[in-house]
Amino acid sequence: VGSEPLKVMISGAPASGKGTQCELIVQKFGLVHISTGDLLRAEVSSGTEIGNKAKEFMNAGRLVPDEIVTAMVMTRLSRQDAKEKGWLLDGYPRSFSQAQSLEELKIRPDVYIVLDVPDEILVNRCIGRRLDPVTGKIYHLKNFPPETEEIKSRLVIRRDDTEEKVKSRLEIYKKNAEAISSTYSNIVKKINGNRPKEEIFKEIESLLLQVQKDRVKMMKPG
Ligand code: AP5
């Protein structure tokens, strides 16, 4: 069917499992994953101008200024692959003004997913999180330990994953969450993120399949 590709936004507090679910969504739906956190971390590690500007904000657990992040996202969204395969936007918009930037350009998702996880769980998830710099895979020392000793020995800790910084990131998230949700109130879908990751994914999967079906119906009336 010549249906339009899916456009999905995923949101939720720090460590609510956005990156983990995005891995699974991409495998199944082939969307282009655009994570502002990943893009910014890549800029920082290659020492670009954007990276140098973003670094201190990120390490402090604060938001990077809107103009830097917005320009980066717009560039990425306008690439051909995102138009052809559809996109999965993770970590953007993160403020009312970022949501407004998208609205002004008439860039709207089909669905706005919010992963809901209680605060006390989030801190432990951040403290146990480890990243594989080779594959980009996300692990957790207790919940999802690495498969081999070789992987284990190369895992890295994010600089913003200390207890103190997680708390500040959470505060910022909470301050902004409502204003962003209000922009997408007619397409918001809250999902309980405090369950095994496979179970969460099953719910997201059936949601996205339904959204896909509804779009085809809309395109072929009768
Ligand atoms: P970003 O990378 O987006 O960080 P975040 O929103 O804080 O989200 P996280 O990456 O911490 O968590 P996640 O939800 O992806 O969880 P994960 O799957 O890893 O942003 C980082 C920084 O960049 C920001 O602080 C800011 O400075 C800057 N930035 C980014 N976007 C910006 C923007 N738009 N504007 C301005 N600045 C911006 O899972 C977490 C852990 O839990 C892992 O260890 C995982 O294995 C485990 N886990 C996952 N799911 C489960 C489960 N179901 N059960 C048990 N454990 C689980």
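Q: Which residues of α1 are buried?
A: In this predicted model, the cover over the buried residues of α1 includes the strands β1 (7–12), β2 (32–35), β3 (87–90), β4 (111–116) and β6, together with the helix α10. A residue is counted as buried when 20 or more other C-beta atoms lie within 10 Å of its own. In α1 the buried residues are K18, G19, T20, Q21, C22 and I25.

Q: What span does α1 reach from its first C-alpha to its last?
A: The helix α1 covers residues 18–29 and has twelve residues. At 1.5 Å a residue, 16 Å is expected. The span of α1 is close to that expectation, at 16 Å.

Q: Which residues are closest to the ligand?
A: The shell around the ligand holds 35 residues, which divide into 14 nonpolar, 13 polar and eight charged. At least two residues each are supplied by α1 (18–29), α2 (36–45), α3 (49–59), α7 (119–128), β6 (138–140) and α10 (197–219). The closest residues are P14, G17, G19, G37 and H140.

Q: Against which elements do the buried residues of α2 pack?
A: In α2, the buried residues are T36, L39, L40, R41 and E43. The helix α2 also supplies at least two residues of the shell around the ligand. The buried residues of α2 pack against β2, α3 and α4 (66–77).

Q: With which residues is S35 in contact, leaving aside its neighbours within four places in sequence?
A: S35 is found in strand β2. S35 counts as buried because it has 20 C-beta neighbours inside 10 Å. With the neighbours within four places in sequence left aside, the contacts of S35 are G19, C22, D90 and G91.

Q: How many bridges join β4 to β1, and how many join β4 to β7?
A: The strands β1 and β4 run parallel, and S11 stands opposite V114 in β4. The strands β4 and β7 (residues 188–192) also run parallel, with N192 in β7 as the bridge partner of D116. The number of bridges is five between β1 and β4, and five between β4 and β7.

Q: Is A15 buried or exposed?
A: A15 is found in the loop between β1 and α1. Although A15 is not a glycine, its phi is positive, about 70 degrees. Because A15 has 26 C-beta neighbours inside 10 Å, it counts as buried.

Q: Is K106 buried or exposed?
A: The place of K106 is in the loop between α6 and β4. K106 is not a glycine, yet its phi is positive, at about 55 degrees. Because K106 has 6 other C-beta atoms within 10 Å, it is exposed.

Q: How far apart in space are the C-alpha atoms of E205 and L24?
A: E205 is found in helix α10. E205 counts as partly exposed because it has 15 C-beta neighbours inside 10 Å. E205 and L24 are 181 residues apart in sequence. Their C-alpha atoms are separated in space by 9.1 Å.

Q: What is the radius of gyration of the protein chain?
A: The protein chain comprises ten helices and seven strands, and its C-alpha trace spans about 55 × 35 × 30 Å along the principal axes. Of its contacts between residues at least 6 apart in sequence, 74% join residues at least 24 apart. With 222 residues, a compact globule would have a radius of gyration near 17 Å. The chain agrees with this value, at 17 Å.

Terms used. Residues are numbered from 1 along each chain as its sequence is written. This is a predicted model: local features need pLDDT of at least 70, side-chain atom pairs count only at pLDDT 80 or more; totals for chains, interfaces and linings use all residues. A residue is near a molecule or strand if its C-beta atom, placed from the backbone, lies within 6 Å of it. Helices (H or I, at least four residues) and strands (E, at least two) are DSSP runs, numbered from the N terminus. Ala, Val, Leu, Ile, Met, Phe, Trp, Tyr, Cys and Pro count as nonpolar, Asp, Glu, Lys and Arg as charged, and the others, Gly among them, as polar. The expected span of a helix is 1.5 Å times one less than its number of residues. A residue is buried if 20 or more other C-beta atoms lie within 10 Å of its own, exposed if 12 or fewer, and partly exposed in between; C-beta atoms are placed from the backbone. Two residues are in contact if their C-beta atoms, placed from the backbone, lie within 7 Å. The radius of gyration is taken over C-alpha atoms; the globule rule is 2.2 Å times the number of residues to the power 0.38. Two strands pair if DSSP finds at least two bridges between them.
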